[in-house]
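Student: I am new to this structure and would like to take a close look at a single part of it. Could you walk me through that part slowly, and then connect it to what surrounds it?

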Amino acid sequence: MGRNILLRSIGAIARKFRVLQEVWILPWWGSGGIATAPLWAVDILVLVVKLCSTCAVAVVRVLIPPVMKSLYGETVLITGAAQGIGRELAIQFADLGATVVCWDINGRLNNALVDEIRKKDGDCYGYTVDVTVKEQVFALAARTRRQLTDVTMVVSNAGALTCAPLMTLRAETVAKLIEINLLAHFWVIQAFLPSMIERRHGHIIAINSSTGLMPFIDMAPYCAAKFGLRGLMDSLTEELRLDTWTKNINTTSVYLGTVTTELYPPPCHRFTSWYSQITAQEAARIIIEGIRKNRKSISIPTFMKFLILLNNLMPYRIRIIFTDFFNFGHRGWFCFC
């Protein structure tokens with residue numbers, strides 16, 4: 001609470017200074033040449049203060065981990081909730097006291113999940129919906145607000161994967177993969193973000209993949225959609241950060257690498273004996289813990305995103321040599337760059 005007040009105070013001072021700069025300083029000093037020296041000095045001073053304060057906050061967070069926020073009173077909507085990680089997220093959110101709204105295209109499995117959670121005295125509701133159809137998403141979102149309450153957390157999890165070379169995929173298959181893995185996230189966010197903005201409270205979580213960080217063979221449409229989802233969430237985060245009214249609406253991007261779900265093929269890299277896969281139940285626990293700490297990014301395994309970003313800094317030829325070494329079994333090992 002104290003940290004939020006401090007950050008708001010700093011933000012208010014910065015905004016007042018910007019107004020002073022635009023109304024008085026710029027007209028007085030001019031806008032070019034040596035006349036900009038005082039403005040450069042002030043901006044550099046602000047930069048140094050921000051960097052130092054950020055480092056100090058990071059040290060404090062290491063020494064004193066942030067308290068995880070309570071989920072009591074939160075209404076969590078999960079798309080693709082009937083199976084896999086979506087199912088485990090729904091169960092664990094309900095166990096932590098949240099009201100869970102389950103969306104899935106498979107009505108039978110979705111209803112079975114709702115019954116299972118209710119048998120444990122959880123507060124859960126289920127709806128059958130195709131999240132790729134914008135009209136269904138908006139209509140059901142309005143119905144949810146009328147019948148229940150405003151959704152305060154959205155976990156956009158629904159996804160689909162087809163592994164095949166691009167030239168063997170039919171046009172309708174490519175379009176469907178893009179709709180499920182990218183466009184559906186737009187519709188869900190647009191359906192629920194206005195009520196979050198109105199209440200100045202909310203959290204948007206997008207379940208992404210390691211394919212949103214680096215390319216994989218035989219997954220061109222899926223990679224394209226996941227790279228797009230990464231751009232969507234990064235851009236949305238900036239929009240919310242720069243608007244004072246929406247600063248309390250959090251975003252989280254989850255990058256999944258090796259999880260035992262039916263969506264992904266089993267890993268075949270060189271180091272499977274060291275790190276192979278974790279269960280959907282364990283992945284859901286890690287995701288919820290990160291959400292409760294308001295983390296912007298969560299990767300599973302935790303070191304995956306750092307290694308991929310480090311790999312992407314390398315020149316192309318060096319990068320693919322390391323990639324072929326890591327993925328010993330795939331056909332690239334026999335190729336030379």
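Student: Within how many Å do the axes of α3 and α8 come, and at roughly what angle do they cross?

Tutor: Please keep in mind throughout that this is a predicted model. The axes of α3 and α8 come within 8 Å, and they cross at roughly 55°. An angle under 35 degrees would count as roughly parallel and one from 65 to 115 as roughly perpendicular, and α3 and α8 are therefore oblique to each other. As for the sense of the crossing, α3 passes α8 in a right-handed way.

From α3, the residues in contact with α8 are Gly84, Ile85, Glu88, Leu89, Gln92 and Phe93. On the side of α8 they meet Ala280, Gln281, Ala283, Ala284, Arg285, Ile287, Ile288 and Ile291.

In general terms, side chains of opposite charge can pair when their charged atoms come close. Both partners, arginine 285 and glutamate 289, belong to helix α8, which covers residues 280-292, and they are four residues apart, about one turn of the helix. Arginine 285 has a relative accessibility of 38% and counts as partly exposed, while glutamate 289 is likewise partly exposed, with a relative accessible area of 28%.

Helix α3 covers residues 84-95 and helix α4 covers residues 107-119, and their axes come within 10 Å and cross at roughly 25°. That angle lies under the 35 degrees that count as roughly parallel, so α3 and α4 are roughly parallel to each other. Here, too, the crossing is right-handed, with α3 passing α4. The residues of α3 that take part are Arg87, Ala90, Ile91 and Ala94, and they meet Leu113, Glu116 and Ile117 in α4.

Glutamate 179 and lysine 176 meet through their side chains in a salt bridge of 4.0 Å, N to O. These two residues are three apart in helix α6, residues 171-199, and therefore about one helical turn separates them. Glutamate 179 is partly exposed at a relative accessible area of 29%, and lysine 176 is partly exposed at 35%. A further salt bridge joins the side chains of arginine 170 and glutamate 172 at 3.7 Å, N to O; of these two, arginine 170 is exposed, with a relative accessible area of 57%, whereas glutamate 172 is partly exposed at 49%. In total the model has 10 salt bridges.

Finally, the wider setting can be described briefly. The protein comes to 10 helices and seven strands, and buried residues make up 38% of its 337 residues. Among contacts with a separation of 6 or more, 67% are accounted for by residues 24 or more positions apart. The accessible surface comes to about 19,300 Å², and 64% of that belongs to carbon and sulfur atoms.

Conventions. Residues are numbered from 1 along each chain as its sequence is written. This is a predicted model: local features need pLDDT of at least 70, side-chain atom pairs count only at pLDDT 80 or more; totals for chains, interfaces and linings use all residues. Side-chain values use heavy atoms; hydrogens and water are left out. Buried means under 20% relative accessible area, exposed over 50%, partly exposed in between (1.4 Å probe, protein chains only). Contact means heavy atoms within 4.5 Å. Accessible areas come from the Shrake-Rupley method with a 1.4 Å probe; for residues, only the protein chains shown count as cover. Axes are lines fitted to C-alpha atoms, for helices over the stretch in contact, and angles run from 0 to 180 degrees between N-to-C directions. Angles under 35 degrees count as roughly parallel, over 145 as roughly antiparallel, 65 to 115 as roughly perpendicular and the rest as oblique. A crossing is left-handed if the near helix is turned anticlockwise from the far one by less than a right angle, and right-handed if clockwise.
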